[in-house]
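Please walk through this protein one element at a time. The text begins with a single residue and widens from there.

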Amino acid sequence: MWTVVYVSQNKAKVDRILELLDKNSIMTMLKTTVEDDFQSGNSFEILVPKTELETAQNIIFDLEV
């Protein structure tokens with residue numbers, strides 16, 4: 001089962017996180033959500049397998065600090 005681990009409208013940040021997760025052998029899936037309100041823009045969701053959620057969260061947390 002896939003679980004959302006990160007959501008952002010900043011594509012560059014999402015790409016950076018995807019790259020870091022990949023380097024740590026975490027499987028990822030990227031989902032783009034299109035908002036009905038065009039001014040709010042698109043959001044990007046990074047999903048990981050539920051079994052890798054905690055590891056992915058720790059990697060993202062370390063990146064954010």
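Leu47 lies in strand β3, where helices (H or I, at least four residues) and strands (E, at least two) are DSSP runs, numbered from the N terminus. This is a predicted model, in which local features need pLDDT of at least 70 and side-chain atom pairs count only at pLDDT 80 or more, while totals for chains, interfaces and linings use all residues. Residues are numbered from 1 along each chain as its sequence is written, and side-chain values use heavy atoms, with hydrogens and water left out.

Leu47 has a relative accessible area of 10% and is therefore buried; buried means under 20% relative accessible area, exposed over 50%, and partly exposed in between, with a 1.4 Å probe and protein chains only. Contact here means heavy atoms within 4.5 Å. Leaving aside neighbours within four places in sequence, Leu47 is in contact with Trp2, Thr3, Val4, Met27, Thr28, Met29 and Lys31. The C-alpha atoms of Leu47 and Val5 are 5.6 Å apart in space, although the two residues are 42 apart in sequence.

The loop between β3 and α2 holds Lys50. Lys50 is exposed, because its relative accessible area is 54%. Its C-alpha is 5.6 Å from that of Thr3, across 47 residues of sequence. With neighbours within four places in sequence left aside, Lys50 is in contact with Met1 and Thr3.

The overall layout puts these residues in context. The protein has two helices and three strands, and along the sequence they follow the pattern β-α-β-β-α. Of its 65 residues, 32% count as buried. Among the contacts with a separation of 6 or more, 63% are between residues 24 or more positions apart.

Strand β1 contains Ser8. At a relative accessible area of 12%, Ser8 is buried. Not counting residues up to four places away in sequence, Ser8 touches Val14, Ser43 and Phe44. A polar atom of the Ser8 side chain also lies 2.9 Å from the backbone nitrogen of Asn10. A polar contact is a pair of N or O atoms within 3.5 Å; within protein, one must be able to donate a hydrogen and the other to accept it, and residues adjacent in sequence count only if both atoms are side-chain atoms.

Helix α1 covers residues 11-23, and its 13 residues should span 18 Å at 1.5 Å a residue, which agrees with the 18 Å between its end C-alpha atoms. The expected span is 1.5 Å times one less than the number of residues.

Which residues of α1 are buried? They are Val14, Ile17, Leu18 and Leu21. Seen down the axis of α1, these buried residues fall within an arc of 100°, so they line one face of the helix; the arc is that of the directions from the helix axis to the C-beta atoms. An α-helix has 3.6 residues a turn, so residues three or four places apart point the same way. The buried residues of α1 pack against β1 (2-8), β2 (29-33), β3 (43-49) and α2 (53-64). On the other side of α1, Ala12, Arg16 and Lys23 are exposed.

After α1 comes Ser25, in the loop between α1 and β2. Ser25 has a positive phi of about 60° although it is not a glycine. Most residues other than glycine have a negative phi. Ser25 counts as exposed, because its relative accessibility is 61%.

The other helix, α2, has 12 residues and reaches 16 Å from its first C-alpha to its last, close to the 16 Å expected at 1.5 Å a residue. Its buried residues are Leu53, Ala56, Ile59 and Ile60. They cover an arc of only 130° around the axis, which puts them on the same side of α2. These buried residues pack against β1, α1 and β3. On the other side of α2, Glu54, Phe61 and Asp62 are exposed.
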